[in-house]
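Please have the sequence and the model open while reading.

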Amino acid sequence: PHVAISNQIFKDLRAIAEFNRQARERVHTVEPGEVMAQFPMRHTQKIIRQLLEEIDVDDSRGWDDVVLRLVANAITHVRPNVAGGDRMDLRNYVRIKRIPGGSPSDSQYISGLVFTKGLAHKRMPRYIESPRIMLLTLPLEYSDIPHAPASRYVSFDTELRMQQGFSEKLVQRITSAAPDLVFTEKLMPRNVLESLMRNNIAVAHGIKRSVIRAIARCTGAEVVTSMSKFSDYPRIGTCRALAVQTFEDQSIPEFRKSFIFLDGCSKDLGGTIVLRGELFPKLREIKQVVDLVVCLAYSMLLETALLANEYVLAVPGDYDLA
């Protein structure tokens, strides 16, 4: 068993290394000059340099090109459906995550979500291709159900039997949908967790409801809010790959965090910019720069499209943008 576990860990690490390599290279597949017209791109470049100078980031670190390419990826892929109720501001659907360490060139654009969380058990796989994803916000213990009898009205043995019966029913409902991965808002009871592990189902629990909603949007999964919802055969979501990565930084002795990457979701629904290469305080400032530039670049992209629709042509020439 130990050999099998070691082989699985090695296989997962190798797959995650390839996952990161592809994510870094993908940033360079989008050329800013092909996304934005000449004038908007030059204007964006000057704005980026001005904002980075204000936070004491010189151009020797290569942040100018990194920020421009990350923003170009975001405004190229994400397309809010305003007619369907989405907001116009692209920043509602482009998340920015900071992970210290590495170099600026290690920054990534993920067509999906990245959030701070690990799996519930170290024996669960850290890399899954095309995972079947289930989302749960329902109570996971019998005592948490609003209509459940209060414990003072029943004996301990009776309540224990009711809890065991509820757990068995919950496991049966989950396994019947055959997910590879379950995200829950509540903490998963140990007996339920062990039963799911025996069925090769990975679990991440204690996830914020706002993150659950974002996962549902990107993966297409339906959120199960009660036991009765299982009868409606809730929709299972998916993405190209899930990777769970734990990062450490020698310059921050206390820093050790796990992040879940859901990549390969529908590109137009949202994405995540992962910033690396600095310590947390500096990354916080760079995050503010990226957030502002995403708004600016997307606005100019829409303005350029509007002008093109109105058959407005720019007069050729070298414009002074200083």
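S111 counts as buried because its relative accessibility is 5%, where buried means under 20% relative accessible area with a 1.4 Å probe and protein chains only. The model is predicted, so local features need pLDDT of at least 70 and side-chain atom pairs count only at pLDDT 80 or more, while totals for chains, interfaces and linings use all residues. Numbering starts from 1 along each chain as its sequence is written, and side-chain values use heavy atoms, without hydrogens and water.

S111 sits in the loop between β2 (108-110) and β3. Strands are DSSP runs of E with at least two residues, helices are runs of H or I with at least four, and both are numbered from the N terminus. Apart from neighbours within four places in sequence, S111 contacts L262, D263, G264, C265, K267, G270 and G271; contact means heavy atoms within 4.5 Å.

An open, antiparallel sheet of 4 strands has the order β3-β11-β10-β4. Its edge strands, β3 and β4, each pair on one side only, pairing being at least two DSSP bridges between two strands. Strands β10 and β11 run antiparallel and are joined by 9 bridges. Within that pair, L242 has L262 of β11 as its bridge partner.

| β3 | 113-116 |
| β4 | 127-129 |

Helix α7 (residues 209-219) lies across β3 and β11, at about 160° to β3. Angles run from 0 to 180 degrees between N-to-C directions of axes fitted to C-alpha atoms, for helices over the stretch in contact. The buried residues of α7 are V211, I212, A214, I215, A216, C218 and T219.

Terms used
Buried < 20%, exposed > 50% of the residue type's maximum accessible area, 1.4 Å probe, protein only.
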